Amino acid sequence: MEEQKISVWSSVRFWRNTAAWVTGFAILLLIWLSVDSVPQITLGTIEDLEAGVTKRVPSAAVINYEISYELDNKRKTEVPIIGGKQLFFGRNDYSQEEADELLHHGKMTVQSKNCMNCHTLLGNGAYYAPDLTKAWLDPMWSETGPYRPMTGKATTEEAMAEFLLNPSKYPTHARMMPNLGITPEEAIAVVAFLKHMSSIDTNGFPRNFDKLKGAVNAK
Amino acid sequence: MLSRVMNVQYESQKLAINYFQVALVLFGAQLLFGLVTAIQYMYPQFLFEIVDFSVARMVHLNAMIVWLLFAMIGSVYWLLPEETGIETVGIKIGRLLFYVLTLAVTIVVVVYLLVQVGPGNAMSRWLIHEGREYIEAPRWADIGIVVVILGFLGNVFATAFKGRRTGIVTVLMIDLLALAGLYLAGMFYTKNVSVDQFWWWWVIHLWVEATWEVYIAAVLGYGLIKTIGANRKIIEMWIWIEVAMLFGSGILGIGHHYFWIGTPEYWLEIGALFSALEPVPLLGMFVHVIYDWGKQAGKRTPMSNTPAFSWFVVCTFGNFLGAGVWGFMHTLPQINLYTHGTQMTAAHGHLAFYGAYVAGLIGMMYIGLQGKYGLKQMRMSSSAKWGVTLLTSGVLGMTIALTIAGYVQTFIERGQWGATWQGYFAAQDSVWMTQAYGWRLAMGVVTILGFVFLMKDLMTIARTAQRKNLQTESTATATA
């Protein structure tokens, strides 16, 4: 293995140079793609929403609107659809600033309460509790689901907030959510965060969401 | 592990031993809190609202990351004087930083356990934890870590420039610089969860699947030279191949974390293309040096440290299986669409971290132990065998159990129930899944048993060997 001219393939110098070029190229490509990606995932504005402009990550003011998750025939994946106005805790006229403040407070609460170490957000986190990516749209919280009657509330947002305030009062599963000392303001903000998260274009994750109802019941 | 006969001549290596000792304590904490979470999967009432799953898991993960970092820093302090031929520059500062880091880590863990959660404001993030998986450390600790790492880097660079700069040291210099710089990407707050996770992966992925892997390749290279007298030229060649393949595939491999977090669709192609080639060169290096060693076995001295070598074997194949095979199992977007956020990831995580990092760094601890007691040769003891066997089978068992859990979860929750909460609960309650959780707990206990043997061995193996040496030939220690 001495540096005789046996073959370039066993030369340390050759591989060092290769490593340098390959690494340099990969770093440049990553930086270039990041420069392209980050603007595409920055928050949209309330004007985008009003004008019907689709953003991968809409403005926090999306809480004023109805959100659904439907199959896009062109992309062949499910995408969030922002529909007409919808009340959120009795209002649908949250300004950009108010909505931003709610999202900010919600995100801070989600971090402070360590949600991610039981749940997943956008599929990342722990697997001890359900994924929260599309929690806002989950049938459990819908009109026909069991959580509204359980909490005695008429809307998804109120049911979610009530649950967050007294989680161990509503055992949804043997694995109960602990009481995390969430205040009423924090609960509203967390629900705003969840509603906003459900409007993010996740390239179709989760797939077939709410389209299948246990074809074979697993017992 | 205090010894009466300290044979280490470099201050740097004494410091390395201290780093290893703290690492082992934190390793114990990692396993203990892992056990708590495994029990909670089976019996959710266990420590409910005392040490909740979220708290136990945070300690489980953070203790692991921090002990690996301690062992990584320790390994560098160990090999640096031998590679460069001089005492590490600024070792006094290095020692001071060691105490600072240990104190900071202790405070962080105590706060995790006693305070647990705070109100939804910035103070919680600065003082308690950040609530972002893997890098939960509160901001004050982040800044502390950066200061400590900068000091450590200063030591490494100053020593490398003053002494002999081998290929191993060169790779480590570049790699550690990147590793430290990347940590900064995780040190800011944004209310946008997509942007948050985008930069969060710069730290997690570019650490674990790029810079840490290169680090372990360099350290394993040193370890193979130490244990079997591997040919340095072969080692250096493979380390550079490793750098090329790891950084070539690993850096853009970050794309497999950008499938579903809001980022554009082109990441699906990028992430699928650049993945999972990462640990292949490590296997290549290992096989090549073993072949070379076998060819000349008669002419060279035999293996000088069999426990360390056995851990390097586990590292090589564990890395290939855990990071490579288990990673590739769910890295293609067509599969990941269904497996993302299931126990598949947990299965991959357990074997990958164990194979790639835990095994290699325990091997380095054995090398440190051998050097500390000045042993020319260190042979396997029975507890060393039990340690490596039980730890490896335990982790492999947990991985298989979690893989089954992952398959079942993917099948029931994602396949049959369309990924709703009802589907999540249906999967969790299915008998396949609860059985898998049971096996994971059992295998976790096996892992802990292995750790007990490992600890016993690390405390006794070298001293026993030294005593034997003294008995058989009284000159043995004098020549070391």
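In chain B, 81% of the contacts with a separation of 6 or more are between residues 24 or more positions apart; two residues are in contact if their C-beta atoms, placed from the backbone, lie within 7 Å. This is a predicted model: local features need pLDDT of at least 70, side-chain atom pairs count only at pLDDT 80 or more, and totals for chains, interfaces and linings use all residues. Residues are numbered from 1 along each chain as its sequence is written, while chains are lettered from A and ligands numbered from 1 in the order in which they are written.

**Overall form of chain B**

- Chain B has 17 helices and zero strands. Helices (H or I, at least four residues) and strands (E, at least two) are DSSP runs, numbered from the N terminus.
- The radius of gyration is 22 Å, close to the 23 Å of the globule rule for 480 residues, so chain B is as compact as a globular protein of that length. The radius is taken over C-alpha atoms, and the rule is 2.2 Å times the number of residues to the power 0.38.
- Along the principal axes, the C-alpha atoms of chain B fill a box of roughly 70 × 45 × 40 Å.
- Of the 480 residues in chain B, 61% are buried. Buried means 20 or more other C-beta atoms within 10 Å of a residue's own, exposed means 12 or fewer, and partly exposed lies in between, with C-beta atoms placed from the backbone.

**Domains of chain B**

- Chain B is divided into domain 1 (1-164) and domain 2 (328-480). These bounds come from an automatic or database domain assignment.
- The domain centres, taken over C-alpha atoms, are 19 Å apart.
- Across the boundary, 26 residues of domain 1 are in contact with 25 residues of domain 2.
- On the domain 1 side, helix H1 (11-42) and helix H2 (53-84) of chain B each supply at least two residues. H1(B) gives the largest share, 14 residues.
- That side has 20 nonpolar, six polar and no charged residues. Ala, Val, Leu, Ile, Met, Phe, Trp, Tyr, Cys and Pro count as nonpolar, Asp, Glu, Lys and Arg as charged, and the others, Gly among them, as polar.

**Nonpolar core**

- The largest nonpolar core has 225 residues. Such a core is a set of buried Ala, Val, Leu, Ile, Met, Phe, Trp, Tyr and Cys residues joined through C-beta atoms within 7 Å.
- Among the residues with the most contacts inside this core are B:Tyr19, B:Trp67 and B:Ala218.
- Domain 1 and domain 2 of chain B each give the core at least three residues.
- Leaving out residues up to four places away in sequence, B:Tyr19 touches B:Phe70, B:Ala71, B:Ile73, B:Gly74, B:Tyr77 and B:Phe98.

**Two residues of chain B**

- B:Asp175 sits in helix H6 (residues 167-183) of chain B. B:Asp175 counts as buried because it has 22 C-beta neighbours inside 10 Å.
- Beyond four places in sequence, B:Asp175 touches B:Thr211, B:Val214, B:Tyr215 and B:Ala218.
- B:Met459 lies in helix H16 (residues 431-472) of chain B. With 14 other C-beta atoms within 10 Å, B:Met459 is partly exposed.

**Contact with chain A**

- 79 residues of chain A are in contact with 72 residues of chain B.
- On the chain A side, the elements that give two or more residues are helices H1 (12-40), H3 (96-112) and H6 (184-197) and strands E3 (120-121) and E4 (124-125).
- H1(A) supplies the largest share of that side, 14 residues.
- The chain A side divides into 41 nonpolar, 25 polar and 13 charged residues.
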